[in-house]
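Please read the following briefing on charged side-chain pairs alongside the sequence and the model.

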Amino acid sequence: MRTYMADPALSYTGLFVLQALARGYRFGFDIMDVTGLPSGTIYPALRRLEALELVRSDWENEERAHKKGRPRRRYYELTAAGKRHLAEAEARYRAVGQLFTGRSRA
Amino acid sequence: MSVKISRALIYALRRLAPRALRDRWTEEWQAEIEHAAEATSRQPRSALRVLRFAAGALADVVSLHRVPRTAVGRGAPLHGIREDFRYASRSLAAAKGFTTTVVASLSIGVAAMAGAYSFINAGMFPRFPGVADQERLVEIYIDRSTFEDAGALRNAIPAFTDVSTTLPLSLAVSDREQTVAARGALVSTNYFDVLGARVAAGRGFLPSDGLAANAAVAVIGHQLARRLFGTGAAVGQSITVAGQPVQVIGVAEPVFQGTNRSGPRWAREIWLPAAMAPLVAVPGQDLNERTLPAGQFQLTHVARVSRSSSIDAVLTQASAASASMTRDRVPAPRRVYTRVQPSSDRYDAEMARQIAAVMLLPFLVLLIGCINAANLILARGTARVRDVAVRLALGAGRWRIVRYLLVEGVLLALLAVAVTVPLLMWVLSALDAFVPLGAHVDVGVIAFATAAALASVLLFALAPAVRVSAAGPGAALGSSRAGDTPHRSRLRQALVGVQVALALGLLATGGQLLPAVASLMAVTGAADPSRLLMVPFDLAQLNAAPAEAERFYGALVERVQRVSGVDHVGIARTSAIWTFGHGKGSSPVIVWLPGASPKESKLILGGYAGGDLIQAVGIALRQGRLFAAADRVARPRVAIVNGTAAREFFAGAALGRVIKVGARNREYVEAHDVEIVGVIDPALEPAYVRSSDDPTVPAIYLPAPLEPEPALTLYVRARGDATSMAPAIREAAASVDPRVPVGEITTLAAMQRERFIEERLVAQALALLGVLGLTLACGGLYGMIAFLVAMRRREIGVRMALGAEPRRILRLTLKQGMTTALIGSGIGGAIAIAISVVARANMYGVPPMDLIALAGTAAILFAAVLVASFIPARNASRVDPLVVLREE
């Protein structure tokens with residue numbers, strides 16, 4: 001069951017989105033702003049990450065939104081699995097990074 | 001401006017989003033655009049940035065069609081079940097009234113089942129605690145057996161790995177300060193090894209303990225060790241057993257109670273090597289001749305069967321071997337009696353049938369509780385049709401809905417178990433203080449309760465779950481009130497009918513069994529049983545010689561006679577008047593009627609009646625006279641019989657007739673002639689009620705014992721309060737001989753209560769179950785019918801708006817409730833009658849169905865149905881139709 005969950009192939013986009021969420025950016029626009037990726041890339045990535053249960057979304061308190069006179073916002077955050085994946089990916093990219101620094105010195 | 005364009009874009013794209021996600025998608029993007037506009041307001045080219053951001057919605061709306069289909073584990077049947085549990089616990093916590101009622105209903109049913117199970121577990125499937133691998137043990141009873149037979153059996157049957165032997169005895173045990181009567185057993189030295197029973201402190205018996213010179217050792221039970229030595233060490237202490245000095249070498253494991261009879265009441269407390277027999281058992285008497293209730297064997301051989309052999313084959317071999325071993329031991333006319341059975345099965349199919357009959361009632365209570373729960377779940381489901389429809393519309397499969405409702409059911413069941421188990425533990429431990437039946441909550445009982453609760457909830461939550469999920473998404477979203485048309489309430493109506501049927505069946509059955517149990521505690525025939533004290537003594541516990549015993553009892557009667565407040569004192573065997581269920585063989589006299597041949601002996605209840613026994617017991621003399629001092633000679637020449645014997649043997653004219661009497665196991669040539677000089681009223685023996693309509697048996701009493709009687713009971717008739725005289729009697733006995741342990745002093749009334757305590761408990765449990773069932777059923781019926789009527793409020797409103805009178809509305813709803821109740825009670829009556837037929841076939845003393853009680857129960861249920869239909873109907877018919885019609 002759910003074998004596709006075991007090792008979802010994360011695109012760079014996905015990784016960037018995870019990283020942005022880890023840094024505390026919680027809304028689609030903010031993530032776009034900080035990653036510099038277009039919203040047409042960010043949103044589908046968020047949907048996919050949510051489907052993979054690396055990310056979960058929740059809705060802002062309705063009362064609060066109402067007070068501010070705007071629709072309630074949907075915010076995103078990392079799940080435990082998302083955090084784990086991000087950590088693994090980070091380690092992997094750091095190793096790859098060392099590979100590159102080593103070569104540039106030589 | 002850019003915000004407006006962006007919004008328009010979102011609205012345009014909205015139609016492309018999947019229907020189920022459309023609203024949320026729109027809301028999210030609206031909020032994001034607002035956010036983007038705000039965040040970029042201070043930046044250059046902010047309008048363009050907002051538009052560029054909004055353009056991403058196109059890619060997003062396309063991705064919505066792709067991603068959710070592959071996502072969220074569709075197809076995996078258990079995917080997301082954790083969320084189901086979380087959501088279910090939240091929603092159950094929110095609906096406190098519902099949860100409490102369902103859990104209460106279920107708990108009562110589960111408690112009834114589990115309680116009954118724990119009693120059966122404790123009392124009816126006997127096991128010997130602390131004995132290893134009991135199913136590999138075989139018990140062998142042989143008439144006139146000896147300890148030596150164990151070796152012969154082992155040699156005869158290769159499948160026996162070893163054979164041990166035990167002889168139960170009652171013994172006087174004393175340390176320096178106190179003397180107590182203890183149930184004990186003489187055992188072969190391999191006894192503990194064969195049983196695989198562990199010794200908690202010290203050691204068990206060694207083969208060398210079997211030698212007479214080393215035999216003055218004992219293993220004592222945990223309880224006895226506590227009684228004698230408190231928390232101090234028992235091993236190594238010297239005690240006196242039946243007047244013999246004995247050293248304690250070991251203390252058995254606390255759970256170990258021996259193997260003579262299971263149950264805490266018959267627990268053995270001290271074990272001695274068989275070599276002690278000549279010292280602690282009555283000298284000069286064959287071990288098998290000791291007075292024990294008939295049908296109970298004295299020596300039991302317990303054999304362990306090797307793992308490779310089949311028990312059935314071994315049983316056959318052992319029967320044959322024991323029969324051949326004993327063929328020439330018994331004089332010709334008597335039958336050789338041997339019995340071989342596995343230790344693990346002591347109760348036969350008869351008992352199993354009775355258990356099934358008794359378990360039926362708690363099962364009915366459980367069913368009623370379950371139906372209550374099912375109905376509540378159904379009602380809640382109906383109220384949640386919209387919720388379900390929304391979930392279906394959002395793309396939840398039907399299985400997900402059913403699964404969620406089942407998860408709720410499982411949570412309710414677990415809650416019910418969590419409530420039941422501590423409650424049951426408390427109730428059983430409280431009960432145990434009164435009646436040590438040993439019923440307790442163990443893993444088996446908890447497992448049983450859990451299984452019962454889960455099974456019932458799954459069974460009863462499934463129908464509502466399937467039913468609720470069957471409503472399509474349109475049903476609830478389209479019409480504001482699903483489920484208010486009459487045909488939709490048919491399931492609930494059926495439940496009402498079933499509940500009436502079950503409650504009726506339960507109550508009628510309980511009502512029918514109660515008198516059967518009550519008759520067991522019937523009259524005794526004695527004048528005021530609360531003023532008759534019975535004080536048992538057993539000089540065999542002290543290993544006293546017959547002459548010594550005779551002297552003691554003579555002095556005792558004389559001494560107690562002088563205690564103030566005592567009217568009459570008599571002495572006889574414990575079961576000479578009433579056998580308390582042991583049967584006439586427990587105190588027999590062998591009688592040859594006039595003209596009977598030596599072979600035509602009869603075994604009749606009775607025996608030695610010393611002192612003023614008849615007056616003390618309070619039985620009236622009908623004809624002739626009582627015993628006089630001149631009758632008290634060693635070989636009795638006169639006798640008194642009871643009315644039943646006079647009627648059965650002499651057609652009423654018993655006075656002056658001469659019969660021959662003898663002790664058990666004595667031959668015709670040793671019998672004496674006695675003349676019947678008196679006829680007394682028969683005592684009533686409740687136990688006989690079971691097998692015949694006449695609760696009396698023939699009895700014969702003699703002025704002197706026919707054989708040495710080491711164990712006799714003092715019958716003391718008190719003028720006033722009998723129980724307060726116990727200390728005075730104890731003191732009197734001590735002044736005659738301080739070494740003799742005084743048995744438990746009880747009144748006849750208390751003995752009757754004690755004797756039938758299990759039956760009384762059953763009766764009380766039945767009554768309790770009946771009341772529980774009725775309460776549950778009435779509450780459930782009320783809730784169910786009130787709900788049904790409340791569902792029709794709108795319909796009633798319409799009818800009233802069209803001009804129906806309130807009275808007609810009332811009649812309409814009452815008719816519906818009554819029709820259901822009538823059908824239900826018809827079925828219930830049939831169930832009750834069927835149960836009564838089964839019960840009468842399987843249990844003694846069950847009277848025929850009491851139709852008046854049945855009708856009375858039906859009337860109570862009808863009243864509940866009536867009240868339940870009336871109140872909501874009246875409320876509905878009173879409100880303004882416009883208000884009802886306007887209600888959401």
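In this predicted model, the side chains of B:Glu27 and A:Arg72 meet in a salt bridge with an N to O distance of 2.8 Å, a salt bridge being a side-chain nitrogen of Lys or Arg within 4 Å of a carboxyl oxygen of Asp or Glu. The pair crosses between chains, running from helix H2 (residues 22–40) of chain B to the loop between helix H4 (62–67) and strand S2 (74–78) of chain A; helices (H or I, at least four residues) and strands (E, at least two) are DSSP runs numbered from the N terminus.

**Accessibility of the pair between chains**
- B:Glu27 is partly exposed at a relative accessible area of 21%, where buried means under 20%, exposed over 50% and partly exposed in between (1.4 Å probe, protein chains only).
- A:Arg72 is likewise partly exposed, with 21% relative accessibility.

**Pairs within one chain**
- B:Glu707 and B:Arg573 form a salt bridge at 3.7 Å, N to O.
- This pair links distant parts of chain B, 134 residues apart, with B:Glu707 in the loop between strands S20 (699–702) and S21 (711–718) and B:Arg573 in the loop between strands S12 (566–572) and S13 (588–592).
- Both B:Glu707 and B:Arg573 are buried.
- A:Glu60 pairs with A:Arg64 in a salt bridge whose closest N and O atoms are 3.5 Å apart; A:Glu60 is buried at 8% relative accessibility, whereas A:Arg64 is partly exposed at 47%.

**Network and total**
- A network of salt bridges links A:Arg47, A:Glu50, A:Arg74, B:Glu28 and B:Asp60.
- Over all chains, the count comes to 25 salt bridges.

**Basis of the values**
- Residues are numbered from 1 along each chain as its sequence is written, and chains are lettered from A and ligands numbered from 1 in the order in which they are written.
- For this predicted model, local features need pLDDT of at least 70 and side-chain atom pairs count only at pLDDT 80 or more, while totals for chains, interfaces and linings use all residues; side-chain values use heavy atoms, leaving out hydrogens and water.
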